[in-house]
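Visitor: I would like a close look at a single part of this molecule. Please take it slowly and keep it plain.

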Amino acid sequence: MDLGLKGRVALVTAASKGIGLGVARVLAAEGMKVAISSRTSSDLEKARVMLEEESGSEVLAVQADMTRRDDLERLVKRTADALGGVDVLAYNSGPPKTGTFADLSYQDWEEATRLLLLSAVTLTGAVVPGMRSRRWGRLVYITSFTLKQPVANLVLSNTVRLGVAGLSKSLSRELAPDGITSNVIVQGFVRSDRMLHIVEERAARSGATVEETYKEMAKTIPLGRYAEPEELGSLVAFIASEKGSYLNGGVFTIDGGYVSSVF
Ligand SMILES: NC(=O)c1ccc[n+]([C@@H]2O[C@H](COP(=O)([O-])OP(=O)(O)OC[C@H]3O[C@@H](n4cnc5c(N)ncnc54)[C@H](OP(=O)(O)O)[C@@H]3O)[C@@H](O)[C@H]2O)c1
């Protein structure tokens, strides 16, 4: 299937590792020019070289902290200058602090709001004018299954990410006349450093080993395994593609059947 993405420009944030890197791999393999960002330059450069070598596509790496508005505005400007205006925003973020409500301070809430919500607002504000002028754009917000099924120890994720779903739904109505679609991805457990961190925390609480906990958690997923980051990449690619042009205002769950609610 020709997804019609070749030559278009994608910006994938928080993409030196894990989910973001998997998404960038798939988009670069589709022939897109791809900009990636994260905070650690050495990891970012390693990811850039790997992506370019693997795909032959043009890849730009820009250091940017998602909690900093000026970094994100600079990221979009550098992408536009180097690759052309952003056609596809594949929004992914760094993980928030774990903890129950009792564990969290007001500062933790402020930080999580900057990381998980205001970053989406800033990036959207920076890419939409160019999309509008080209009358084509795709906003894809990668969030978490916590949006549908809260997790006890992830209160920041459970709460703040819902704002991104509200943002996406609002944008899907406001921007559709300009040829811009907006959708949300809700992922279950995906093999990554973050996933391992969650497993380690659970193991420490339960007294089981990390290996046992990793296997036990996989058993709670109907498909019996964690997702590979590239499987999220395939979903992003389809939503962003010409074939996916009627997808707008949606929330797409990719979780191996983990979330137990119908909607
Ligand atoms: N993996 C899962 O099972 C799962 C499930 C549901 C939701 N999620 C969510 O999906 C997102 C990605 O998770 P992941 O599993 O891919 O994590 P990961 O493997 O730990 O990768 C996180 C990426 O985000 C970057 N990052 C972290 N904080 C950042 C910041 N403040 N500014 C810019 N970049 C930042 C990291 O690079 P630097 O540290 O160098 O900046 C890295 O590239 C997270 O929000 C996570 O909570 C993950």
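Visitor: How do the residues of the shell around the ligand divide into nonpolar, polar and charged?

Guide: The model is predicted, and that applies to everything below. The residues of the shell around the ligand comprise 10 nonpolar, 12 polar and six charged ones. Of the 28 residues around the ligand, those that come nearest are Gly18, Arg39, Thr40, Gly94 and Arg194. Two elements give two or more residues to this shell: helix H1 (18–29) and helix H6 (193–206).

The domain assignment gives domain 1 (9–190 + 228–254) and domain 2 (192–226), and each of them supplies at least three residues to the shell around the ligand. The centres of domain 1 and domain 2, taken over C-alpha atoms, are 25 Å apart. Where the domains touch, nine residues of domain 1 are in contact with eight residues of domain 2. On the domain 1 side, the touching residues are five nonpolar, three polar and one charged.

Now the sheet. Seven strands make an open sheet with parallel pairing, in the order E3-E2-E1-E4-E5-E6-E7. Strand E3 (59–63) and strand E7 (251–254) are the edge strands, and each pairs on one side only. From one strand to the next, the twist averages 20°.

Strand E1 can be followed to its partners. E1 (residues 9–12) runs parallel to strand E4 (residues 88–91), and three bridges join them; Ala10 has Val88 of E4 as its bridge partner. E1 also pairs with E2 in the parallel sense, over four bridges, with Val9 opposite Lys33 in E2.

Strand E2 itself is largely enclosed by the rest of the structure, because six of its six residues are buried. In a regular strand, side chains alternate between the two faces of the sheet. In E2, Lys33, Ala35 and Ser37 point one way, while Val34, Ile36 and Ser38 point the other way, and all are buried.

Helix H3 (residues 69–83) lies across E1, strand E2 (33–38) and E3, and runs at about 155° to E3. Helix H5 (residues 155–174) lies across strand E5 (137–142), strand E6 (180–187) and E7, at about 155° to E6.

How values were computed. Residues are numbered from 1 along each chain as its sequence is written. This is a predicted model: local features need pLDDT of at least 70, side-chain atom pairs count only at pLDDT 80 or more; totals for chains, interfaces and linings use all residues. A residue is near a molecule or strand if its C-beta atom, placed from the backbone, lies within 6 Å of it. Ala, Val, Leu, Ile, Met, Phe, Trp, Tyr, Cys and Pro count as nonpolar, Asp, Glu, Lys and Arg as charged, and the others, Gly among them, as polar. Domain bounds come from an automatic or database domain assignment. Two strands pair if DSSP finds at least two bridges between them. Axes are lines fitted to C-alpha atoms, for helices over the stretch in contact, and angles run from 0 to 180 degrees between N-to-C directions. Two residues are in contact if their C-beta atoms, placed from the backbone, lie within 7 Å. A residue is buried if 20 or more other C-beta atoms lie within 10 Å of its own, exposed if 12 or fewer, and partly exposed in between; C-beta atoms are placed from the backbone.
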